[in-house]
Amino acid sequence: MDGNRRWAERKGLPDNAGHRAGRAAALDVIDAARSVGVRWLTLFAFSSENWQRPGDEVEFLMRLVQHVVRRHALALHAKDIRCRFLGAADPRIPTALRRDIADLENLTRDNRGMTLTAAFGHGGRGDLVEAARSLIRSGVPADAVTEELFAAHLPLPDTPDVDLVIRTSGEHRISNFMLWQVAYAEWVFPPELWPDFGAGPFLQSLDAYSRRRRRFGARPQTTANVPTGANLV
Amino acid sequence: MSDTPRSADPFPLMRELSGELGWALAVVRAAVLQAALPQIAAALGDQSTFVTHPWRRLHNTMASVRRQLDEDPEVREREAARLNRLHARITGVGPDGAPYSGLDPEARAWVIASLFESTVAMRRNSGRRLDWAAQEQLYAEFQRMLSDLGDEPTILPAELAQFWPYYERMLSERLEHTDAVDAVLYRLLDTVPAPPLLRDQRTAWAAVRSIAGPVAARVTVASLPPTFRERVRLENPVLSDALMVGAYRGSGLAAIALPVLSNPRTLANFVDAEDDQPGSAVFGALLRGASAFTSAVRAARPQTASAPGRDPAPWPAQQFFTHVLDQTGDGTVSWPDLAALAREVAARLDLDADREADVYAAFHAWWRELAAALDTDGDGVIASQEYAAGSSNLPAPALVHLAEVLFDVTDTDHSGTISAQEYRKLLHTGFSHELATAPDKNLGKAAFTTEFLHFMAGRRPSAAWSRLTTEA
């Protein structure tokens, strides 16, 4: 979800207005993904590095997220969307928001229409370190550690490999996002800033992805099938 | 009033108002006010299952009021007599050493007064205020209700104009912040009890309960008279007034919650302003309520999914003790616990005095049997450890007799079998009249008593008997 601040700057608006516009875009994309049958959608809402932003901006973002969670919880539930947060255990997240997040996750836990993961305070390296710690604590002998076993120790281990990463705003970096899961991901780089990125550009990105032929390195050749994988926006 | 001819319908307005959805809120509100009267609080603390089985109790109250308002005078008289018998059994000594009785005229008048005022408040809060004439009529109907119970109606002021000073005086001089007030507000309202199985019917009641926890406590506190709030130092959380008015205006919480489940847009439009904090609070409360509700439904589901034909594992003794036997929730089992079960059976079956006495006697005989076997230290109550130690080898004659008595009173048409309808009357859940395991054919005495004995003595799970004893 890149480009909220740039978008606001270009329009001569305060940063917060950019974040608000970004929220609208996120809701738009969630609806579009659900309607075309995407099963896993991940939004990179807030990275572990974002904690270094100015205090009042962080505070505003927290309020914004809480507002979205509260306001849209029942709508998301009604759409059969399972919601969860990657990284939300961070103690810097206000207690009330953490409680709302827990309530939202609990409420939607059994939904199967689509899994929406909000990467919130997430960092890919942090997750890898977490997995390593968990492995060591479980006392697995070094020889027994396989890729599958390692993956099972990552946070939200049922998340499948990411099929498509959509990085908006013309950025071309990974930015510490789900480092393990993006190993075989396809990437698209639409030029739109996130607030301008709604259902239309999202569907174009899916279309571009569906034309690619995926090889997974040495794995057997498959043709990408649009709406199956995890999508990063 | 008393000069109304007996043949005419004496309660037209009350029946209409008690049929409104928001009346459930009024009953809860009245319950708080009643619990604040010391002698009622003492009785609630000792005798009542209000804290452990709040929804069952609330349901019984509302069912009882419905019977007291029945158009058939015979039904009304029977209910009044039943209530009087029930109240006569409630006697004891409060924590302050003062004796209490369920027949205390001041307490009974206060129950009526608080119910009347809460009904008036319900209409005020919903923006459909009762005018003075309607209030007078309603007051006369409530006075009639009190005199139907056989109480001296003069304990309430004769005229509505004097009622309000009396009410204020009660609020500012008699009421206290009792434990029972907290029990109602924080046990009844702050924890959402596991609702009965709501899969099939999303009734208004289900919805009321689904968000009762977070919203109703605040709604109730906000709706209480300010005099009372100040006296007992109940804080009214910020914004609760708006929430309260919203709840009452929406004809109760159900009206808010139901459209939400089917059409999220309605909710979005309900409080729609950019980053509005009040809206956020409402949505937060809804989210918490909905989350608690799904947890409760999830917890309830496995019971229905249990495969038939398999002999399920018995409940652990400790769990059975806490959930089934200890009806008053004080951590021990004694006569008031089993009397609560007798009361529940009698109320559900609407028994006459003789049969009710049979039920009480049978429960009491079972209590003596249990106490003789389990009360090893002779302190008059059975502790959980005492039950756990001796429960696998219990004598049963009194329990078998109890099962037979229950069969006889449930078999109202003396057909020798219990029909689905009779079974449902005894073993439905709180507000729901659905039974997961309604028998598909009439139940003979052997099958009925076996199920009861398996449950009570063998602690074998029984969906139906759990309903009577534990749920709601």
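A: Here is a short chat about some of the helices and residues in this model.

A: This is a predicted model, in which local features need pLDDT of at least 70 and side-chain atom pairs count only at pLDDT 80 or more, while totals for chains, interfaces and linings use all residues. Residues are numbered from 1 along each chain as its sequence is written, and chains are lettered from A and ligands numbered from 1 in the order in which they are written.

Q: Thanks! How many helices and strands does chain A have?
A: Chain A has 7 helices and 8 strands. Both are DSSP runs, numbered from the N terminus: helices are H or I with at least four residues, strands are E with at least two.

Q: And what percentage of chain A is buried?
A: Of the 233 residues in chain A, 41% are buried. A residue is buried if 20 or more other C-beta atoms lie within 10 Å of its own, exposed if 12 or fewer, and partly exposed in between, with C-beta atoms placed from the backbone.

Q: Switching to chain B, how many residues are in helix 7?
A: Helix 7 of chain B covers residues 132–148, which is 17 residues. From first C-alpha to last it reaches 24 Å, close to the 24 Å expected at 1.5 Å a residue; the expected span is 1.5 Å times one less than the number of residues.

Q: What comes after helix 7 of chain B?
A: Gly150(B) follows, and its phi is positive, near 90°.

Q: At what angle do helix 6 and helix 7 of chain B pack?
A: They pack at about 155°, with axes 10 Å apart. Axes are lines fitted to C-alpha atoms, for helices over the stretch in contact, and angles run from 0 to 180 degrees between N-to-C directions. That angle makes helix 6 of chain B roughly antiparallel to helix 7 of chain B, a label for angles over 145 degrees.

Q: Now Leu69(B): buried or exposed?
A: Leu69(B) counts as buried because 22 other C-beta atoms lie within 10 Å. Leu69(B) sits in the loop between helix 4 (54–68) and helix 5 (73–89) of chain B.

Q: How far is Leu69(B) from Met145(B)?
A: Their C-alpha atoms are separated by 8.1 Å, and the two are 76 residues apart along the chain.

Q: Last one: is Glu173(B) buried or exposed?
A: Glu173(B) counts as exposed because it has 8 C-beta neighbours inside 10 Å. Glu173(B) is in helix 8 (residues 160–174) of chain B.

Terms used:
Angles under 35 degrees count as roughly parallel, over 145 as roughly antiparallel, 65 to 115 as roughly perpendicular and the rest as oblique.
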